[in-house]
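The entries follow the order in which I checked things.

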Amino acid sequence: MSLRREIESLEKEANELIKNADSIESLSSIKVKFLGKKGKLKSILKSLGKLSPEERKEIGQLANKVKEEIENLLRKKEQFFREKAIQEELKKDRVDITLPPSWIEVGSAHPVVSTLVEISQLFISMGFSVAEGPEVEKEEYNFDMLNIPKDHPARDMQDTFFLNNGMVLRTHTSPVQIRTMLKQKPPIAVIAPGRVYRKDADPTHSPMFHQIEGLLVDENITFRDLKGTLKIFLEGIFGKDIGIRFRPSYFPFTEPSAEVDISCTVCGGTGCRVCKDTGWLEILGCGMVDPNVFEAVGIDPEKYTGFAFGLGIERIAMLKYKINDIRLLFENDMRFNHQFKGIR
Ligand code: FA5
């Protein structure tokens with residue numbers, strides 16, 4: 001067969017193969033077969049040397065033309081496959097804008113946390129700063145230095161989780177008073193929010209609950225300052241119409257001492273299981289810092305006086321959100337928790 005015929009049939013064959021190719025991979029093998037180093041066209045070009053100069057020119061030009069043509073066809077077909085793949089991909093990934101969106105659940109604060117933050121902010125706005133102490137506490141700070149000696153019946157007042165080596169799970173936030181006064185000299189105005197633990201469990205008592213301790217020490221602090229501060233705080237949380245009652249009480253670390261009740265917001269004062277049918281609910285203990293406590297921490301009780309209070313956050317959250325069982329706050333039943341979405 002003449003070289004010209006050979007080239008022409010090669011062109012036809014390549015055309016046919018490219019037309020019927022069904023993938024980019026098959027195009028690659030066609031490319032190798034015709035245009036590769038050991039390809040058909042190369043071997044024809046190698047034999048050009050045997051031709052006369054005129055024929056060489058003519059056949060050379062034809063071979064180059066066919067080479068360009070095959071390259072062109074391959075490029076076009078490859079482009080076709082690439083576009084097809086993109087179209088298929090787009091079809092697969094098509095977004096159906098008529099579908100309803102999948103909502104992202106936005107979390108919100110637990111009522112205990114939001115109450116704790118709200119109370120803390122109220123005291124911070126009155127000039128108190130925030131102090132912290134550990135939940136695993138020295139018995140000495142939890143009891144002894146708060147004027148509760150080892151054989152004092154007051155140790156039974158709070159049923160304690162005793163640990164080894166003279167440590168306890170703190171039964172109240174009052175040991176933070178000791179820690180603060182050991183570190184800092186008057187004037188002192190701190191609050192200490194945190195978890196506390198007692199062997200207690202019923203609709204208004206939980207074995208783990210939260211308190212906020214308050215401590216203010218300076219010259220000439222009186223019970224009036226204590227009453228005024230707590231009044232501002234309670235009216236700030238519950239509004240001006242809330243009923244507030246100070247009852248004389250006893251705490252070893254304060255003298256005189258009082259407990260504060262507020263009118264039950266769950267039943268409006270008519271009596272329910274939360275207020276044990278009294279119309280009132282005890283939310284905090286307070287009093288003037290006992291001189292023995294000042295002496296234990298090295299503050300002169302002749303020069304300084306102060307007040308302290310400790311309030312139960314869960315009780316306040318229950319009254320604020322009208323929750324009739326403290327245990328609901330810790331069971332993590334989402335039907336309960338969802339009711340507080342949107343609170344701060
Ligand atoms: C004390 O814990 C004292 N440390 C408070 C205090 C501080 C008095 C400073 C004077 C000066 P009491 O045991 O009463 O006091 O507890 C304070 C508050 O914690 C109670 O008024 C109540 O609101 C809350 N509380 C007590 N026990 C529980 C419990 N088991 N579950 C939920 N809240 C409780």
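How much space lies in the largest pocket? I noted about 800 Å³ for the largest pocket, and I keep in mind throughout that this is a predicted model.

Entry on the lining of the largest pocket. I counted 43 lining residues, and I wrote down R198, Q211, E259, E282 and R315 as the ones nearest the centre of the pocket. I then looked up which elements give two or more residues to this lining, and found the strands β5, β6 (244-251), β7, β8 and β9 together with the helix α11 (313-321). Among these, β8 gives the most, with eight residues. By residue class, I recorded the lining of the largest pocket as 16 nonpolar, 15 polar and twelve charged residues.

Entry on the ligand. I next asked where the ligand sits, and found that the space it takes is the largest pocket. The elements that give two or more residues to the shell around the ligand are β5 (208-218), β7 (254-263), β8 (280-289) and β9 (305-312). I noted that the largest share of this shell comes from β8, which supplies five residues. The shell holds 27 residues, of which H172, S174, R198, S206 and E282 come nearest to the ligand. I sorted the shell residues into nine nonpolar, twelve polar and six charged.

Which residues place a polar side-chain atom by a nitrogen atom of the ligand? I found S174 with such an atom 2.9 Å from a ligand nitrogen, and D200 with one 3.1 Å from a ligand nitrogen. For S206 I recorded a polar backbone atom instead, at 3.0 Å from a nitrogen atom of the ligand. I then checked the ligand's exposure: taken alone the ligand exposes 670 Å², and the protein buries 96% of that area.

Entry on the second largest pocket. I noted a volume of about 170 Å³ for this pocket. Its lining consists of I24, L27, S28, K31, L35, E71, L74, R75, E78, Q79 and R82, and the elements that give two or more residues to this lining are the helices α2 (24-35) and α4 (53-92). I recorded α4 as the source of the largest share, six residues. By class, I divided the lining of the second largest pocket into four nonpolar, two polar and five charged residues.

How values were computed: Residues numbered from 1 in each chain as written. Predicted model: local features only at pLDDT ≥ 70, side-chain atom pairs only at ≥ 80, totals over all residues. Heavy atoms only, no water. Near = heavy atom within 4 Å. Polar contact = N/O pair within 3.5 Å; in protein donor to acceptor, adjacent residues only side chain to side chain. Areas by Shrake-Rupley, 256 points an atom, 1.4 Å probe, with all protein chains shown as cover. 1 Å grid on protein atoms, 1.4 Å probe; cavity = no way out; pocket = protein on both sides within 12 Å on 5 of 7 lines; lining within 4 Å. Sits in = over half its atoms within 2 Å of the grid points. Helix = DSSP H or I, 4+ residues; strand = E, 2+ residues; numbered from the N terminus. Nonpolar A, V, L, I, M, F, W, Y, C, P; charged D, E, K, R; others polar. Points joined across faces, edges and corners; volume = space filled by probe spheres on them.
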